[in-house]
Amino acid sequence: MYTSGTTGDPKGVLLTNGAIMAEVLSIDQLLLETDKVLTEQDTYFSFLPLAHVFDQIIENYCIYTGASIGFWRGDVRFLVEDIQELKPTIFCGVPRVYDRIYTGINDKILSGGALKRRLFQCAYNYKLMNLKKGLKQDKAAPLFDRLVFNNIKQGLGGRVRIMLSGAAPLPRHVEEFLRVTSCTVLLQGYGLTESCAGCFTSVANVFSMMGTVGVPVTTIEARLESIPEMGYDALSTIPRGEICLRGKTLFSGYHKRPDLTEDVLIDGWFHTGDIGEWQPNGAMKIIDRKKNIFKLSQGEYVAVENLESTYNRCSLITSIWVYGNSFESFLVGVTVPDQKALEDWKSANHETGDFASLCNNTKARSYILDELNKTGQRHELRGFEMLKAIHLEPNPFDIDRDLITPTFKLKRPQLLKYYKDRIDELYNEAKGRKA
């Protein structure tokens, strides 16, 4: 099985049949604890790449239990239509897909009348309060589930009883929203190709685990290793450090790359490169990525994935790539604006041109930049984490240009290569303004 290649060339990961079966059986145990194991009555909706370990494990589990598997048509624009046609009972997604679902639902709510919005917010707050008290998903607000949230449930096919999220951290506001409104259990997990997918998982109906990836599965041992140069101490009051794993579901090494294997497998422990924080309840929270942390010229460390997660909460954009390096003192970015938002701005400001020309409009760029930084300020980003210049990209980051992985994760080296000239222009432009 090959990695997605977010930080370089994909690596061949050697996985034994024993490791895969151990992972399948651990999922069986997880679902038994969560609700009930899959049966012949269940249907899994497969839209992740067939060569992705997350999908491979779930499909093997479906075959093991006799559950059905339905495949999407291959076009993300019709993803919701495919879900409604298949009516799955189990749905495995990545944060980008869940974020699109969240945005779509939110837009419909905001376009409704004031009375409907107030009713929705009342129902939302009531159910959220009960979930925080420890009530189970189906007991927290059954009346509001029928009267208010049922349309959202039907939008997911009407039969989903469990949703799993993996491949990247799920933003807390998206997880909370779906836990409240989807009328189904949502579990967030953590795993890598090297660990046969899930090695941590949150526990259903334990609301305090929201925002975390949960506890280690039964086949895995986990520990944190300090990174002093980055200020992470695994022995501090709040333990933080690189997540290290060992256990039955780990890989045997990288295909024909003993050098890479020796870099990450040390004394039997696999060093994941992800930075975690142990929570008081034993759950793990992913806070950074070791390879995606860099230092600006003034010595400040930047955790770029956290920043992108924050900026993506701005309703005017659909995606963003934030860039910086140790030779510069500030950050720049490339963002794909929401077309409707930009068209609305055009009408309000009496501008002209199609979407592509609007992306080159200096006033439009300034408008989006201001809104992004307002979003950053609302979520308490520090001064050096604010963007000084952005490029508006009319075309979504895609696989065809090798800018994202099949699970929508950014491929940073490829993005830098593709936008190198534009990045240089942004730095020169921002420095010119400062001068």
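Phe120 is buried, as is Phe149; buried means under 20% relative accessible area with a 1.4 Å probe, protein chains only. The model is predicted, with local features needing pLDDT of at least 70 and side-chain atom pairs pLDDT 80 or more, while totals for chains, interfaces and linings use all residues. Residues are numbered from 1 along each chain as its sequence is written, and side-chain values use heavy atoms, without hydrogens and water.

Across the whole structure, 23 aromatic pairs are found. Rings of Phe, Tyr and Trp (its six-membered ring) pair if their centres lie within 6.5 Å; planes under 30 degrees apart are stacked, over 60 edge-to-face and the rest tilted. Two of the pairs are tabulated here.

| Pair | Centre to centre | Angle between planes | Class |
|---|---|---|---|
| Phe120 and Phe149 | 5.7 Å | 90 degrees | edge-to-face |
| Phe251 and Tyr254 | 5.0 Å | 50 degrees | tilted |

Phe120 belongs to helix H5 (residues 114–133) and Phe149 to the loop between helix H6 (142–147) and helix H7 (150–155), so their pair ties together parts 29 residues apart in sequence. Helices are DSSP runs (H or I, at least four residues), numbered from the N terminus.

Phe251 and Tyr254 are both buried. Lys11 lies over the face of Tyr254, 5.5 Å from the ring centre. Arg223 has such a position over Trp269, at 4.8 Å from the ring centre. The criterion is NZ of Lys or CZ of Arg within 6 Å of the ring centre and within 35 degrees of the ring normal.

One aromatic cluster is formed by Trp321, Tyr323, Phe330, Phe397, Tyr418, Tyr419 and Tyr427.

Key:
Helices (H or I, at least four residues) and strands (E, at least two) are DSSP runs, numbered from the N terminus. Buried means under 20% relative accessible area, exposed over 50%, partly exposed in between (1.4 Å probe, protein chains only).
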